[in-house]
Amino acid sequence: QVFKLEDYRPSDYLIPLTELSFRLSPDATEVKAVLTIERRDGVATTAPLVLDGDGLLLKKLEIDGTPLAQSTYTVTPDRLEIAHPPEAKRFKLTIETEVAPVHNEALMGLYLSNGVYCTQCEAEGFRRITYFLDRPDILSVYTVRVEAPKAEAPQLLSNGNPLERGEMADGWHYAVWHDPFPKPSYLFALVAGSLGIVNDRFVTRSGREVELGIYVEHGKEKLADYAMDALKRSMKWDEDVFGCEYDLDVFNIVAVSDFNMGAMENKGLNVFNDKYVLADAETATDADFANIEAIIAHEYFHNWTGNRITCRDWFQLCLKEGLTVFRDHEFSADQRSRPVKRIAEVRTLRAHQFPEDQGPLAHPVRPRRYREINNFYTATVYEKGSEVVRMIRTVLGPEAFRAGMDLYLKRHDGEAATIEDFLKAFEDASGRDLSQFALWYHQAGTPNLTVSSAYNAAAREFTIEIEQSVPPTPSESRKRLMHIPLAFGLVGADGRDMVYESVEGATVDDGVIHVRKRRHSIRFSGIAERPALSLNRGFSAPITLSVEQKTEDRIFLSGHDSDPVARWQAFNTLLTEALIAASRQIRGGKRPVFSDRLSALAGQIACDDALEQAYRALALALPGEADIAREIGNDIDPDAIFAAREALAKRIAEENGPSLRDLYERLRDNGEFSPDAAGAGRRALRNALLDYLALLTDGASLAADHFRLAANMTDRAAALTVLAHRHSGTPQATGALASFESRYANDPLVMDKWFLVQASVPGAQTVETVRRLTSHRGFSMSNPNRVRALVGTFANANQTGFHRADGEGYRFFGEMVLEAERRNPQLAARLATAMRSWRSLEAGRRDKARATLLAISGTEGLSTDLRDIVERMLA
Ligand code: ARG
Ligand code: ZN
C-alpha cells in the first residue's frame with residue numbers, strides 16, 4: 001500500500017480522552033483502554049469507526065459499559081471496525097487487549113529490554129498495544145495506570161505528572177500518571193522495571209520547579225552525570241535562545257539497551273538508547289560525549305518542536321525533525337566551538353545525506369508518498385531538513401527568523417501542523433514571500449551551482465557567472481529553479497574581504513548572493529585587485545559546487561579565508577582533487593604523484609597554533625574513501641581509492657615527520673580529563689597526528705605506547721584503531737585487541753567499539769573476521785547496537801572489505817540483513833540502505849551487488865520495511 005500526501009483527510013472521530021491501564025507480565029500483559037470518542041462536527045452518524053491495530057489480540061469490547069455483540073464489529077489483529085457507533089456525539093469505548101512484551105523483538109510497541117518494560121511508539125507502534133486512531137493529528141489527554149509486581153518493577157513511569165501510587169495484593173503495586181497536554185499516540189510511553197536513579201532539579205525562568213530523573217541500569221548511575229548536566233544546560237539554553245520553557249513538574253529519561261534509534265521524545269518521559277546516556281572518561285570517547293550532549297538536547301527540544309506542536313501527518317515529519325536538529329546544532333555550537341561544529345555538520349551531511357539524495361533512495365525533505373514511514377527517518381528529513389531551517393534564517397536574518405519562530409510557536413501551540421503552516425509563520429512575521437524557497441521542502445536532489453569568475457583590471461570589475469541545476473531524482477524528472485542563498489567573500493591579498501562599490505545581476509545582501517534564476521551574471525564594481533573567490537561560506541546552502549578556480553587561489557584560501565568553514569573547504573577540495581587524480585593514476589597502473597605543496601600545506605596547518613586544535617584535526621583528516629567515491633561519481637574502484645589515500649597519507653607523514661612528531665609530544669596529556677571542547681580538541685589533534693606518525697618507521701610501537709599509556713577512551717580507541725588498521729596482524733595490534741577485549745568483556749557498549757574497529761579493518765580478509773565475530777559471545781543479532789557496530793560498520797565504513805571484488809562482502813551482508821529481518825524489520829531495512837550507492841560501482845562489483853539485492857528481494861515473506869528499501873534501490 002502506498003500512502004500519499006494528497007490523500008490526507010481529517011479523521012471522522014476524535015479521541016479527546018484516553019485512559020489506559022496495564023497489568024504487566026512478560027508474556028501476557030493486559031491492556032485496558034477506555035477511550036472517549038467524539039464524532040467530529042459535520043460527520044454523518046452513519047460513519048463507521050475504524051481503529052488501527054498491529055498483531056493485537058482482542059479480549060473485550062464495550063461501548064458505554066455494554067459489551068458489543070459479535071455481529072456489530074469486525075476485528076482482525078490489524079484492524080477494528082465498528083460499523084454503527086452510537087448516535088450520540090460522545091461515547092466511551094472500552095477495549096481490552098493482551099500483548100507479549102517478551103516476544104516483541106521488533107522493539108516497537110511494548111517490549112522488554114534487559115528485564116525492563118519499555119515502549120517505542122513512533123511512528124506506528126501504539127497500535128501494537130491497543131486499537132486506536134494511531135495517527136499524529138489525533139490529540140488526546142492521557143491518564144495511565146501501571147500495575148506490576150513490586151519486586152520486579154519498583155519503578156513505574158509514564159508521561160506527564162505522577163498522580164498517585166500504592167500497594168496492591170500479592171506484592172503488586174501501581175502508579176497513576178496524568179499528562180495534561182493533549183498529545184498524539186506516538187508520544188505515549190511506559191517504563192517499568194528495577195533501575196538506578198539519578199535525581200536533580202531545574203527551576204524554569206518563571207519559577208516552576210522541575211524534578212529531573214535519569215533512570216539507568218543499577219550500578220551505572222555515575223555514568224549518567226554528564227547526561228544530567230547536558231539536560232540542565234539544554235533547558236536553560238532553550239529558554240534563553242528560543243524562549244521555550246518546560247511545562248510539567250517532572251522530566252524523566254530512561255536508558256535502555258535495546259533500541260532501534262538514538263532516542264525518543266515521549267512527553268515528559270524520554271527513552272534513550274543507553275549509548276547516548278552513559279559516559280565517563282574510561283568508557284566513552286569525546287565523540288560519545290558530544291553525541292550525548294546533542295541527543296539529550298534534541299529530545300528535550302522536541303518538547304516544543306514536536307510535542308506542543310506536532311505533525312498533522314507523517315509526511316510532515318521534517319516539521320519536527322528538521323527544526324529540532326537545527327535547534328540541537330545551534331545548541332552544540334553555543335556549547336562548544338561554532339566553526340568546528342559547523343564543519344562536522346558539513347562532513348556528516350555530505351557523508352550521509354548527499355549519497356541518499358544522489359541515489360535511488362532520494363526523496364524530498366517533505367516526501368509526498370511512502371510505503372513504510374519508518375524508512376523515512378532519513379538524513380534527508382533530519383539533516384537536510386535542518387539545513388533548510390538554517391537557510392530560512394539566512395534568508396530572513398536572525399531577528400525576523402526569531403519573530404517567525406515565536407509566531408509559529410504561539411499560533412500552533414496544541415495543534416498538529418504542516419510545513420505550509422511553518423512557512424506561513426515566517427512569511428507573516430517577515431512580510432517576505434517564501435514560495436520559491438519552499439521548493440527546498442518539495443524537490444529532492446542536491447542542487448549544483450557551476451561557477452566561473454573573471455577580473456577586469458582596467459574596469460576594476462569582478463564578474464561571477466553562476467548557473468544552477470537540480471538533477472533528476474526518482475519520480476521527479478523535471479525540476480524547478482530554486483532560491484539558493486550563497487554566502488560568499490571576495491578575499492583580497494591581505495586576507496581581508498574586499499569592499500565593492502556596487503553590484504548588479506542578483507540580489508546581494510549581507511554577504512549573500514540570492515541565486516533564483518537559472519543563470520546569473522553578477523558584476524561587482526570598484527574592485528582594485530583580482531580577489532580569491534570564497535563561496536558557500538558557512539555552508540550556507542546544501543549544494544554541490546563546480547567551480548573553476550586556480551589552485552593558487554585554493555591554496556591562498558586554505559590559509560587566509562576569514563570564514564573557517566570555507567577555509568577548511570578550500571583545503572579539503574585540494575585534497576579531494578589530488579586524491580581523485582591519484583586514484584586515476586593507480587587505476588591506470590601508474591604510481592600516484594602528489595605536489596609537494598599539498599603536504600607542506602598540511603604540515604603548516606597542523607602546526608599553526610593560531611588555529612583551533614580541533615579545526616586542525618579536522619583539516620588533517622583526509623577525505624574518506626566514500627567521500628572520494630562520491631566525488632568521482634561512477635565506475636568506482638574502491639581499491640584504487642584506498643591506495644591513493646594511503647599514498648597521500650604516507651607522503652604527508654614523510655614530508656612532515658619531525659614537526660608532526662614534535663607537536664605530538666607537545667600535546668601529551670597532563671592533568672585531569674575533561675570532556676569539554678578544549679580537551680577534546682587537543683586529543684583530536686594528537687590522535688590525528690598519531691594516524692600519520694603510525695605510517696613511519698616504528699609506527700607500530702608508537703601506537704602501542706599510545707594505547708598502553710592512554711588515560712581515557714578517546715586515546716585508547718584511537719590507538720586501537722591505528723594499530724588494527726595500519727598494523728593489522730602485528731603483535732602490537734593483536735596484543736591491543738586482546739587487552740581491550742579482556743578489559744571490557746562485560747561492558748557491551750565498549751565492546752561495540754571493539755567490534756567496530758575490527759569490522760573496519762581495510763582489506764579483503766575482513767569479511768572473514770566479521771563472520772567469525774558474529775559468533776563471539778558478546779555479539780547478538782537481536783541487539784541493534786551490536787548489529788550496527790559489527791555489520792553496519794562493515795558495510796558503511798569499510799570500502800575495501802565490503803566491496804571485495806569477488807562479491808563475498810555483499811553475500812555475507814545479504815545473509816545478515818535477512819537474519820536481522822526475521823526479528824527486527826526496521827533494523828534490517830536501515831541496515832540494507834548501506835547498498836544505496838551500488839549503481840556507481842565499476843561493472844564487476846555492480847553486478848555482484850545487484851545479485852545480492854535480487855536475492856533479498858526474492859526472499860519470501862519479506863517485511864514491508866525491507867521490501868520497500870530493496871525495491872526502491874533496485875528500481
Ligand atoms: N523522534 C525520534 C527522534 O528523532 C526518532 C524516533 C524514530 N523512530 C522510528 N521508529 N523510526 O528524536
Ligand atoms: Zn527528533
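Two strands pair if DSSP finds at least two bridges between them. Strands (E, at least two residues) and helices (H or I, at least four) are DSSP runs, numbered from the N terminus. This is a predicted model: local features need pLDDT of at least 70, side-chain atom pairs count only at pLDDT 80 or more, and totals for chains, interfaces and linings use all residues. Residues are numbered from 1 along each chain as its sequence is written, while chains are lettered from A and ligands numbered from 1 in the order in which they are written.

**View 1. Strand β3 beside strand β9.** β3 (residues 29-39) and β9 (residues 90-99) run antiparallel, joined by 10 bridges. Thr 36 has Lys 92 of β9 as its bridge partner.

**View 2. The open sheet of 8 strands.** Its order is β6-β5-β9-β3-β2-β12-β15-β14, with mixed pairing. β6 (66-67) and β14 (161-167) stand at the edges with a single partner strand each, so one side of each lacks a neighbour in the sheet.

**View 3. The shell around ligand 1.** Residues count here if the C-beta atom, placed from the backbone, lies within 6 Å of the ligand. Among them are Glu 122, Asn 260, His 298, Glu 299, Glu 321 and Tyr 377. β20 (263-264) and α2 (286-301) each supply at least two shell residues.
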